[in-house]
Amino acid sequence: MTDQVQFEYQCVAGPTVIAIGKKENRAQAVAEYQTIINREAGKGWEFVGIDEFQTSEPPGCLQGNKPIITIFKMIIFKRPKVAPNDAKP
């Protein structure tokens, strides 16, 4: 029987809005994601990808009938799961 590597996953919220000011500052937006990815890699997490999802909240008094939609970016990481017998005392 072959041993299958089990993984654990972690999702980290990415920036929802990055104000860059000028077109030339787009690298700043990329650098924000790069900083998060490198930080988590330093903790042993391997980058898997970026996914997005949205939430919908009921409208408040001033929004009329439109729900409040927020889009979130999740940065997904994985690392091998430590088996109980591999854990250090």
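Contact means heavy atoms within 4.5 Å. With that cut-off, A13 touches I36, K73 and M74, leaving out residues up to four places away in sequence. The model is predicted: local features need pLDDT of at least 70, side-chain atom pairs count only at pLDDT 80 or more, and totals for chains, interfaces and linings use all residues. Residues are numbered from 1 along each chain as its sequence is written, and side-chain values use heavy atoms, with hydrogens and water left out.

**Overall layout**

- The protein has 1 helix and 3 strands. Helices (H or I, at least four residues) and strands (E, at least two) are DSSP runs, numbered from the N terminus.
- Along the sequence, the pattern reads β-α-β-β.
- Of the 89 residues, 13% are buried. Buried means under 20% relative accessible area, exposed over 50%, and partly exposed in between (1.4 Å probe, protein chains only).
- The accessible surface of the protein is about 7300 Å², and carbon and sulfur atoms hold 55% of that. Such areas come from the Shrake-Rupley method with a 1.4 Å probe; for residues, only the protein chains shown count as cover.
- Among contacts with a separation of 6 or more, 61% join residues 24 or more positions apart.

**Confidence**

- The mean pLDDT of the protein is 85, and 88% of the residues score at least 70. pLDDT is the predictor's confidence in each residue, from 0 to 100.
- Among the elements, β1 has the highest mean pLDDT (96) and α1 the lowest (90).
- Where pLDDT is low, the predicted coordinates should not be read in detail.

**Helix α1**

- The 16 residues of α1 should span 22 Å at 1.5 Å a residue, and its end C-alpha atoms are 23 Å apart, which agrees. The expected span is 1.5 Å times one less than the number of residues.
- Y33, I36, I37 and E40 are buried in α1. Seen down the helix axis, the buried residues of α1 fall within an arc of 95°, so they line one face of the helix. The arc is that of the directions from the helix axis to the C-beta atoms.
- A27 and T35 are exposed on the other side of α1.
- Cover for the buried residues of α1 includes β1 (7-13), β2 (46-57) and β3.

**The largest nonpolar core**

- This core has 7 residues: V12, Y33, I36, I37, W45, I75 and F77. A nonpolar core is a set of buried Ala, Val, Leu, Ile, Met, Phe, Trp, Tyr and Cys residues joined through side-chain atoms within 4.5 Å.
- Both α1 and β3 (68-80) supply at least two residues each to this core. The largest share, 3 residues, comes from α1.
- Beyond four places in sequence, Y33 is in contact with G14, P15, I18, I50, K73 and I75.

**Residues to find in the view**

- A29 sits in helix α1 (residues 26-41). A29 touches I18 and I20, not counting residues up to four places away in sequence.
- E40 is buried, with a relative accessible area of 3%. Beyond four places in sequence, E40 touches Q10, V12, W45 and F77.
- A13 belongs to strand β1. A13 and K73 are 60 residues apart in sequence, yet 6.0 Å apart in space, C-alpha to C-alpha.
- A83 lies in the segment after β3. A83 has a relative accessible area of 27%, so A83 is partly exposed. The C-alpha atoms of A83 and V5 are separated by 9.5 Å, and these residues are 78 residues apart along the chain.
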